Amino acid sequence: MELILNFFNWLNGIVWGVPMIVLIIGTGLFLQLRLGFMPIRKLVYGFRMIWKSRTPGTEAEGEITPYAALMTALSGTIGTGNIAGVATAIAVGGPGALFWMWVTAFVGMATKYAEVVVAVKYREVDDKGEHVGGPMFAIKNGLGRNWRWLGTAFAFFGGLAGFGIGNMVQANGIAAAMQNSFGLETWITGAVLTAITGLVVLGGIRRIGAVAEKVVPFMAIVYLVCVIFVLAIFAGNIPSAFATIVSDAFTGTAAAGGFLGSTILMAMQKGVARGIFSNEAGLGTAGIAQASGSTSNPVFSGVIGMMGTFIDTVIICTLTGLAIMVTGVWTGGETGALLSSQAFEAAMPGVGKYVLTICLALFAFTTILGWAYYAEKCWEFLLGTISEKPFRILWTIAVFFGATLSLDFAWLVADTLNALMAIPNLISLLLLSPVIVKLTRDYFAQGNEGGH
């Protein structure tokens with residue numbers, strides 16, 4: 001086991017090294033420039049379209065509304081990364097890590113937009129009559145036969161990554177939180193989670209979408225209200241927290257309390273890695289969800305898709321990070337969800353940790369649902385629709401094992417597989433960027449400011 005752990009530590013150091021940071025940030029920046037910063041300029045328009053997308057147009061084709069597709073994508077991205085991931089980034093990389101999460105998000109909006117545009121543009125209808133898309137189909141249908149191996153590589157890594165980032169890590173996070181706060185045995189949490197997951201996942205995208213569009217807005221609002229309460233209690237510390245985040249991003253962080261200190265590179269690495277883990281810009285997953293959304297234009301879906309990155313990182317991760325900073329708990333030497341729990345306890349003594357545990361459980365559970373769909377479509381690309389039922393059963397069983405296994409190894413494997421997913425996806429986005437730019441220009445040139 002130690003040998004395997006050392007191997008993944010070594011591999012993780014390579015795949016999340018400087019070249020990977022350059023590839024992720026560089027691709028996002030390149031796409032932002034090619035698009036004339038459209039994702040940032042059209043932020044307000046994006047929020048308007050989210051509201052409008054609850055009822056698709058008559059010519060739109062797809063299984064669920066674009067709004068339900070966004071909520072499915074958000075269910076996949078709003079997870080332990082927003083609570084435990086942000087805390088870990090700050091605990092290891094210092095407050096400056098949060099600044100690099102913002103950078104990842106603002107360039108990542110262009111990446112997420114591009115992923116969704118090509119996913120919808122090159123989607124197919126499978127032999128069950130459902131729309132399927134994502135990086136593997138964009139590569140296959142957009143780049144041609146010679147590049148099919150790249151699509152296969154993405155589907156293979158995505159199919160495996162799902163069991164890590166989207167399943168076992170999330171189940172483990174819920175079980176650990178339930179044990180710490182309520183004293184529940186991990187196997188009990190695992191059994192309950194397995195049963196609920198099975199009920200939803202076995203119903204496919206329509207049931208996942210129906211659950212996601214009800215649960216995701218509710219859990220996000222509850223969490224935001226709680227974090228804003230924490231910030232209100234410690235409002236006087238907010239300006240200095242922002243100043244520390246920005247200054248430490250470029251200077252590194254000195255040792256303080258239980259915090260060992262960090263370099264600029266460490267802040268960058270942790271900020272970018274955890275930022276990607278949280279908002280998934282660059283992984284290509286949002287395109288898989290949006291490809292099933294009813295739409296008559298890929299750009300309309302892309303605009304809605306890119307908003308997921310803004311909501312996930314710029315809003316939710318920032319508020320979590322600020323709560324950890326203003327309460328001063330970040331120098332105590334704790335990491336992960338326990339650190340976020342301490343921030344909530346500082347503002348709400350006696351109840352804070354229970355509130356955070358419930359939020360974490362909801363966040364992580366919806367991630368299990370969203371990723372079930374992503375991973376299923378990856379295996380469908382590799383093996384055909386025959387893999388659907390066996391996959392759903394295997395996915396449901398994996399939840400139980402995730403809840404009862406050691407967390408560190410699961411996080412490590414998930415991080416490594418994320419990077420291996422991102423590489424084929426980012427290469428395809430760079431190669432397909434002329435198509436993305438043309439579709440975008442055509443859409444806005446036709447006066448589509450208000451419609452789809």
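Trainee: At what angle do the axes of H10 and H11 cross?
Mentor: In this predicted model, the axes of H10 (residues 186-201) and H11 (residues 204-233) cross at roughly 115° and come within 8 Å.

Trainee: Which residues make that contact?
Mentor: H10 brings Leu199, Val200 and Val201, while H11 brings Gly204, Arg207, Ile208 and Val211. Sorted by class, that gives five nonpolar, one polar and one charged.

Trainee: Why are H4 and H15 called roughly perpendicular?
Mentor: H4 (residues 43-52) and H15 (residues 298-326) pack at about 105°, with axes 9 Å apart. The label covers 65 to 115 degrees, and therefore the pair is roughly perpendicular.

Trainee: What makes up their contact?
Mentor: Leu43, Tyr45, Gly46, Phe47, Met49 and Ile50 of H4 meet Phe300, Val303, Ile304, Met307, Phe310 and Ile311 of H15. The classes are eleven nonpolar, one polar and no charged.

Trainee: How do you know that the length of H13 is close to what is expected?
Mentor: H13 (residues 264-279) has 16 residues, and its C-alpha span from first to last is 22 Å, close to the 22 Å expected at 1.5 Å a residue. After H13 comes Glu280, with a positive phi near 60°.

Trainee: Which residues of H13 are buried?
Mentor: Among them are Ala267, Gly271, Arg274 and Phe277; the label requires under 20% relative accessible area.

Note on methods. Residues numbered from 1 in each chain as written. Predicted model: local features only at pLDDT ≥ 70, side-chain atom pairs only at ≥ 80, totals over all residues. Heavy atoms only, no water. Axes fitted to C-alpha atoms, helices over the stretch in contact; angles between N-to-C directions. Helix = DSSP H or I, 4+ residues; strand = E, 2+ residues; numbered from the N terminus. Parallel < 35°, antiparallel > 145°, perpendicular 65-115°, else oblique. Contact = heavy atoms within 4.5 Å. Nonpolar A, V, L, I, M, F, W, Y, C, P; charged D, E, K, R; others polar. Expected span 1.5 Å × (residues − 1). Buried < 20%, exposed > 50% of the residue type's maximum accessible area, 1.4 Å probe, protein only.
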